[in-house]
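Please keep the sequence and the model in view while reading.

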Amino acid sequence: MKVSVITVAYNSASTIEDTIRSVVSQQYADIEYLIIDGASKDDTLRIAERYQNKIARLVSERDKGIYDAMNKGVDLATGDIIGILNSDDFYADDQVISDVVKTFAQNDCDVVYADLDYVDQHDTQRTVRRWKAGSYRHGYFKKGWMPPHPTFFVKRELYEKFGKYSLELRSAADYELMLRMMHRHRATVSYLPRTIIHMRTGGQSNVTLRNRLRANAEDRRAWAMNNLRPAWYTLTWKPIRKIGQFIRV
């Protein structure tokens with residue numbers, strides 16, 4: 001199976017080389033690597049161009065935000081499987097894509113997800129949080145569960161059938177897409193029980209109370225957009241579940 005990996009970037013010169021190296025060092029042979037840059041003003045493009053012979057498509061143009069850029073990547077991807085690796089994240093080792101493909105093949109599924117470690121921005125050898133996703137059962141989204149989006153690999157045909165990332169949402173379009181595919185449309189899902197992504201700390205959705213409230217409102221809207229109703233406790237439990245990520249370090 002051919003795997004398309006999409007990296008979305010904007011002014012990512014300080015981190016993108018780690019991202020690129022983690023992709024081009026993968027031992028799996030059939031990888032199509034796409035970088036969608038939002039017309040960066042720093043050295044992001046110059047760094048990416050060093051690896052031009054390993055990159056199938058390098059696009060740099062203005063966009064309407066991260067989810068618009070992701071959609072551009074999905075439109076350009078030709079792989080059987082699509083994964084998205086943000087420009088400040090990197091794969092944990094060189095067997096990640098091989099293990100993902102093996103999981104798809106062994107379980108004949110539509111979606112594969114795995115675990116993620118948050119690492120220190122400056123010392124990426126230091127893990128500060130561990131997101132152990134665990135196995136999925138239908139109904140878990142109502143319990144505040146979701147998989148780590150950077151570990152989310154999906155067959156390209158699901159994007160064609162169920163749609164891409166919604167530009168109506170500012171920070172929860174990844175949650176809405178996974179809710180739509182996994183919960184609403186009941187895509188077949190397999191869990192790969194190991195860490196495949198290292199993510200630098202510094203996400204915006206939980207930085208302030210105002211951002212957390214905005215994220216909660218967007219999560220609620222994600223359910224409404226799919227004509228679904230969460231349980232009364234769903235959106236309260238979603239951030240509470242993150243406490244366990246600190247305990248596991």
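E160 and R156 are joined by a salt bridge, with their closest N and O atoms 2.9 Å apart; the term denotes a side-chain nitrogen of Lys or Arg within 4 Å of a carboxyl oxygen of Asp or Glu. The two residues stand four places apart in helix α5 (residues 156-162), so about one helical turn separates them. Helices (H or I, at least four residues) and strands (E, at least two) are DSSP runs, numbered from the N terminus. An α-helix has 3.6 residues a turn, so residues three or four places apart point the same way. E160 is exposed at 58% relative accessibility, whereas R156, at 25%, is partly exposed. Buried here means under 20% relative accessible area, exposed means over 50%, and partly exposed lies in between (1.4 Å probe, protein chains only). Salt bridges with shared partners also link E17, R21 and R50 into one network.

The model is predicted: local features need pLDDT of at least 70 and side-chain atom pairs count only at pLDDT 80 or more, while totals for chains, interfaces and linings use all residues. Residues are numbered from 1 along each chain as its sequence is written, and side-chain values use heavy atoms, with hydrogens and water left out.

Across the whole structure, a search finds 16 salt bridges. One of them connects R46 to D43, with 3.2 Å between the closest N and O atoms. Both partners are partly exposed, R46 with a relative accessible area of 43% and D43 at 37% relative accessibility. In another, the side chains of D120 and R126 meet at 2.9 Å, N to O. Here D120 is buried, at 16% relative accessibility, but R126 is partly exposed, at 43%.

A search of the whole structure finds eleven aromatic pairs, a pair being two rings of Phe, Tyr or Trp (its six-membered ring) whose centres lie within 6.5 Å; planes under 30 degrees apart count as stacked, over 60 as edge-to-face and the rest as tilted. Y113 and W145 make an edge-to-face pair, 5.5 Å from centre to centre with 70 degrees between the planes. Because Y113 lies in strand β6 (residues 111-119) and W145 in the loop between β7 (127-131) and β8 (153-155), this pair ties together parts that are 32 residues apart in sequence. Both Y113 and W145 are buried. Y159 and Y165 form a tilted pair, at 6.2 Å centre to centre and 45 degrees between the planes. Y159 is buried at 5% relative accessibility, and Y165 is buried with a relative accessible area of 4%. Y113 and W145 also belong to one aromatic cluster, together with Y136, Y140, F141, Y175 and Y191.

Within α4, the residues V96, I97, S98, D99, V100, V101, T103 and F104 are buried. T103 has a relative accessible area of 8%. Leaving aside neighbours within four places in sequence, T103 is in contact (heavy atoms within 4.5 Å) with C109, V112, S190 and L192.

Just after α4, D108 takes a positive phi of about 50 degrees. Most residues other than glycine have a negative phi, and most peptide bonds are trans. N11 likewise has a positive phi, near 50 degrees; this residue sits in the loop between β1 (3-9) and α1 (16-24) and is partly exposed, with a relative accessible area of 33%. For R186, phi is near 55 degrees. R186 lies in the loop between α6 (173-184) and β9 (189-200) and is exposed, at 56% relative accessibility.

Finally, the surface carries a nonpolar patch of about 430 Å², made by W237, I240, I243 and I247. Patches are made of residues with over 30% relative accessible area and no salt bridge, with like charges joined within 9 Å and nonpolar side chains (Val, Leu, Ile, Met, Phe, Trp, Tyr) within 5 Å; accessible areas come from the Shrake-Rupley method with a 1.4 Å probe, and for residues only the protein chains shown count as cover. Helices α8 (234-240) and α9 (243-247) each supply at least two residues of the nonpolar patch, and I243 is found in α9.
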